[in-house]
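Thanks for sending this one over. Here are a few notes to read alongside the coordinates, on helix packing and on backbone angles.

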Amino acid sequence: MKVLVTGAKGFVGKNLCAALNNIKDGKDRRFPDLTIDAVFEYDIDSTPEELDRFCRDCDFVFNLAGVNRPQNQEEFMAGNFGFASTLLDTLKKHGNTCPVMLSSSIQATLAGRFGTSEYGKSKKAGEELFFDYSKETGAKVLVYRFPNLFGKWCRPNYNSAVATFCNAFANDLPYTVNDPSVELELLYIDDLVEEMISALLGKEHHCEFEGMETVLCEDGRYCAATVTHKVTLGEIVELLKSFADQPRTLMIPEIPAGSFTKKLYSTYLSYLPASKVAFPLKMNVDDRGSFTELVHTLNAGQVSINISKPGITKGQHWHNTKFEQFIVVKGHGLIQQRNLNDHDGKVLEWEVSGDKIQAVHMLPGYTHNIINLSETEDLVTVMYCNEVFNPERPDTFFEPVK
């Protein structure tokens, strides 16, 4: 299959072309039934001759070309309707009736606050042009009305509030929220690209519209991605504040699979400047080595790194409810534990090494330690604890193992 993508250098186009090229080059094996032989990337700097050749040879068209922020209102119709006419005329010239996808906008509903939108009117005109083309030629036409889009590579201060806010928080820029209660329907770029791949496979999802609301249905005139998120501007800003504060708090947000928070956090990270990609951690250093907290989580505790100098013993304490895992990744050590309720004084021992990595549980009610057995090499241990350390309730009590 040869795929033509117009608007290939735009936000959606760049993400879609990257996905299509991954499939073409055998890097993405999630779609065994899809073979892509070529990806034709067309944009404003391409030539008419290239468009002519692409329209002659392609087996599927994603028409993502359009105008979002023109100098004057008339450019909406020229950019969103005019190029669509050129594209369809070129396909007809070559008798190519391959499927064609059109990226439209929720503004084309001309409902609610979009009732007088010149942009929406131009998108609506483009939709009708495609539907008429389908009737005339018999070609399959897929019209998608996109809500607000977000994700990596989206241009800030252009047409995405999420991109603008992510860029502002990542780069310490000023931002304005006039009404935090305003709710946006948001579509993440990876979810959109997944739907577009489904369209290539003939498995697109159809819908109709009740005002601005998308209603999925098998025989709908329009198409839609099935996963969107409705979030207020205030909620977005509060999440971004917590993300920006992560180098200080070490707190990783809750990111369940498919959640808006997970997608927003990935988007935010993509806007970080080079100066913020790396940040220092507080190392607690003494003559025994060091202890550094790496990551905190809201509900699953923390991860730390412990470095013990040769011959050093650390730990010698126990917990009531707190539990830990010790994972030696470098060096040679010994972990010892003793049940405080076992009066025979039996000590459990595990010899550990970075050459054979294993996780060892530190059991509640057991006093425990870790000893560096090497005379020359540091012992490096990754330590997981089920709760973030709270100095007001440390749940840590000194008691030698032996």
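**Notes on helices and loops**

1. Let me begin where helix α1 ends. Helix α1 is followed by G26, whose phi is positive, near 75°. Please keep in mind throughout that this is a predicted model.

2. Helix α1 covers residues 11–24, and at 1.5 Å a residue its 14 residues should span 20 Å; the C-alpha atoms at its ends are 20 Å apart, so the two values agree.

3. Which residues of α1 are buried? They are F11, V12, G13, N15, L16, C17, A19, L20 and I23. In an α-helix, residues three or four places apart point the same way, because there are 3.6 residues a turn. The packing partners of the buried residues in α1 are the strands β1 (2–6), β2 (38–42), β3 (60–63) and β6 (148–150), together with helix α6 (189–200).

4. The axes of α1 and α6 are 10 Å apart, and the helices pack at an angle of about 55°. That angle lies between the 35 and 65 degree limits, so α1 is oblique to α6. Their crossing is right-handed. From α1, the residues F11, V12, N15, L16, A19, L20 and I23 meet I189, L192, V193, M196, I197 and L200 of α6. Sorted by class, this contact of α1 with α6 has twelve nonpolar residues, one polar residue and no charged residues.

5. The crossing of α7 and α9 is right-handed. On the α7 side, I236, L239, L240, F243 and A244 make the contact, meeting F260, T261, L264, Y265 and Y268 in α9. By class, the contact of α7 with α9 has nine nonpolar residues, one polar residue and no charged residues.

6. Most residues other than glycine have a negative phi. W153, however, is not a glycine and has a positive phi of about 75°. W153 sits in the loop between β6 and α5 (161–170), and is partly exposed, with a relative accessible area of 44%.

7. N157 is also found in the loop between β6 and α5. Its phi is positive, about 55°, although N157 is not a glycine. Is N157 buried or exposed? N157 is exposed, with a relative accessible area of 56%.

Terms used. Residues are numbered from 1 along each chain as its sequence is written. This is a predicted model: local features need pLDDT of at least 70, side-chain atom pairs count only at pLDDT 80 or more; totals for chains, interfaces and linings use all residues. Side-chain values use heavy atoms; hydrogens and water are left out. Helices (H or I, at least four residues) and strands (E, at least two) are DSSP runs, numbered from the N terminus. The expected span of a helix is 1.5 Å times one less than its number of residues. Buried means under 20% relative accessible area, exposed over 50%, partly exposed in between (1.4 Å probe, protein chains only). Contact means heavy atoms within 4.5 Å. A crossing is left-handed if the near helix is turned anticlockwise from the far one by less than a right angle, and right-handed if clockwise. Ala, Val, Leu, Ile, Met, Phe, Trp, Tyr, Cys and Pro count as nonpolar, Asp, Glu, Lys and Arg as charged, and the others, Gly among them, as polar. Axes are lines fitted to C-alpha atoms, for helices over the stretch in contact, and angles run from 0 to 180 degrees between N-to-C directions. Angles under 35 degrees count as roughly parallel, over 145 as roughly antiparallel, 65 to 115 as roughly perpendicular and the rest as oblique.
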